[in-house]
Amino acid sequence: MTPAADERIGEAGGRWIPRAEVLSMLGVKTQTLYAYVSRGRITARPDPSDPRRSLYAAADVARLKGSSGGEFAGQVLPFEPAVKGEAVIQSCVSLTTDGRIYYRGRDATEWAQGATVEETARLLWGCGDHNPFAGLGVRVDGASGASPRARLFAALSRRAEEDEPSQGRDVTSLQREAATALNEVVDAMAGPGPRLFFHQRLARGWKMLERDSVHLKRALVLAADHDLNPAVLATRAAASGGASPAGAAMAGLAALSASPMARTLKAVIVYVIEARRDPAGAARRHMEASGAIPGFGSESFPLGDPRADALLALADLPPDLTAVLREGEAASGSRAGFAVALAVLARRLDLPREGALDMFLVGRLTGLMAHALDQITDGSPIRARLRYVGPRPGAE
């Protein structure tokens, strides 16, 4: 970075600037800015004076401008150059670019049309011809809990405590261990039974019609992974420290359960239940109260989340749920995001009230396991330095 760029960063300090200024400084399009935000390269926050708009960290913009001489305006490179002060984590799991998500090079929405959770795990885990799910049985002492989500965490935390550290172990045994842990989680959530596919066992546990289990399968596959986020970072940091696949995924799941996506999904669940009774009225009330509707619009996918489209295209929604989507998009001027698609599908399948969140968490567990395995077997070192800024020793 040039001295001039360093000066720009110093001058930017803690300032927050509007979108138009960012676009002018970087010479990029709005979609490119949203991609930078989704990748964590530029920090964004709501504008206190207008929550419908975002402000962006001027220091991040100045830093990116100082390092972006090799990038063409309006273009997001799949493999971007490192920014000074930015941690770069190499991953083979998934890529988000040009409004699409790819699982190890496969378009996720196309893959989800026919793939099972097990096949998705084998793809994301890099198993090749090896099938770590072959011959898995039922664990006699199943994990207990008052809800499917509680049993999910109980089963995963038990495996995190039981499994050996990952360092020095071969990849095949780690994949088998991850498959066994995922198998136990599904049994804990759905209850033991015939050795069906994971989505079929979960559908049976939720007392769904057999013909509808295909929708659940698609949701679980589409939820598996999406870009770098705190849950992925937590998973990889734990794996880098020697945690087992289950232990690393447990760290990621804990971060995920309190993530912005989880909070948005909870708000969307409430909204969909409200809007199902009065689609136009609910949309109007939310726009008047906050200028936005939970789950409609996405900075990561300004032209529409492909996962939402893929999930809803074949869902055969009843008129009332179709109206929820139609009125929400009309009032907000934005497309329904993946959280909305999950919440609407959960109501279509008559799942428990927070079934959409359960679907999301167990679906994402496959991807978190993938990041754990990727970090253990072929991950770049995760190095961070803690900079102490508290009181000096002995200061009163």
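A residue is called buried if its relative accessible area is under 20%, and exposed if that area is over 50%. The model discussed here is predicted.

Helix α10 packs against helix α17. Their contact joins His215, Ala219 and Leu222 of α10 to Phe338, Leu342, Leu345 and Arg348 of α17. By class, five of these residues are nonpolar, one is polar and one is charged.

**Helix α17 between two partners**

Helix α17 covers residues 338–348, and its axis also comes within 8 Å of the axis of helix α18, residues 355–378. Here Leu342, Ala343 and Ala346 of α17 meet Gly355, Ala356, Met359 and Phe360 of α18. This contact has six nonpolar residues, one polar and no charged. Leu342 is named in the contact with α10 and again in the contact with α18.

The geometry of the two pairs is set out below.

| Helix pair | Angle between axes | Axes | Handedness of crossing |
|---|---|---|---|
| α10 and α17 | about 155 degrees | 11 Å apart | left-handed |
| α17 and α18 | roughly 120 degrees | within 8 Å | right-handed |

How are these angles to be read? An angle over 145 degrees counts as roughly antiparallel, so α10 is roughly antiparallel to α17.

**The nonpolar interior**

In soluble globular proteins, nonpolar side chains tend to be buried together. Which residues touch the most other members of the largest nonpolar core? In this core of 92 residues they are Tyr103, Trp125, Leu202, Tyr271 and Leu342. Helix α18 supplies the largest share of the core, eleven residues. Another core lies apart from this one; it has 14 residues, among them Leu23, Tyr36, Val37 and Tyr56.

Trp125 shows what such a position looks like. Leaving aside residues up to four places away in sequence, Trp125 touches Arg104, Pro132, Phe133, Gln175, Ala178, Ala179, Leu182, Thr366, Met369, Ala370 and Leu373.

**A buried glutamate**

Is Glu184 buried or exposed? Glu184 sits in helix α8, residues 171–190, and its relative accessible area is 12%, so it is buried. Beyond residues up to four places away in sequence, Glu184 touches Arg139, Ala155, Arg158 and Arg159.

**Two residues with positive phi**

Most residues other than glycine have a negative phi. Asp98, which is not a glycine, has a positive phi of about 55 degrees. Asp98 belongs to the loop between β4 (94–97) and β5 (100–103), and is exposed, with a relative accessible area of 64%.

Asp316 also has a positive phi, near 55 degrees. Its place is the loop between α15 (306–313) and α16 (319–332). With a relative accessible area of 63%, Asp316 is exposed.

Terms used:
Residues are numbered from 1 along each chain as its sequence is written. This is a predicted model: local features need pLDDT of at least 70, side-chain atom pairs count only at pLDDT 80 or more; totals for chains, interfaces and linings use all residues. Side-chain values use heavy atoms; hydrogens and water are left out. Axes are lines fitted to C-alpha atoms, for helices over the stretch in contact, and angles run from 0 to 180 degrees between N-to-C directions. Helices (H or I, at least four residues) and strands (E, at least two) are DSSP runs, numbered from the N terminus. A crossing is left-handed if the near helix is turned anticlockwise from the far one by less than a right angle, and right-handed if clockwise. Contact means heavy atoms within 4.5 Å. Ala, Val, Leu, Ile, Met, Phe, Trp, Tyr, Cys and Pro count as nonpolar, Asp, Glu, Lys and Arg as charged, and the others, Gly among them, as polar. A nonpolar core is a set of buried Ala, Val, Leu, Ile, Met, Phe, Trp, Tyr and Cys residues joined through side-chain atoms within 4.5 Å. Buried means under 20% relative accessible area, exposed over 50%, partly exposed in between (1.4 Å probe, protein chains only). Angles under 35 degrees count as roughly parallel, over 145 as roughly antiparallel, 65 to 115 as roughly perpendicular and the rest as oblique.
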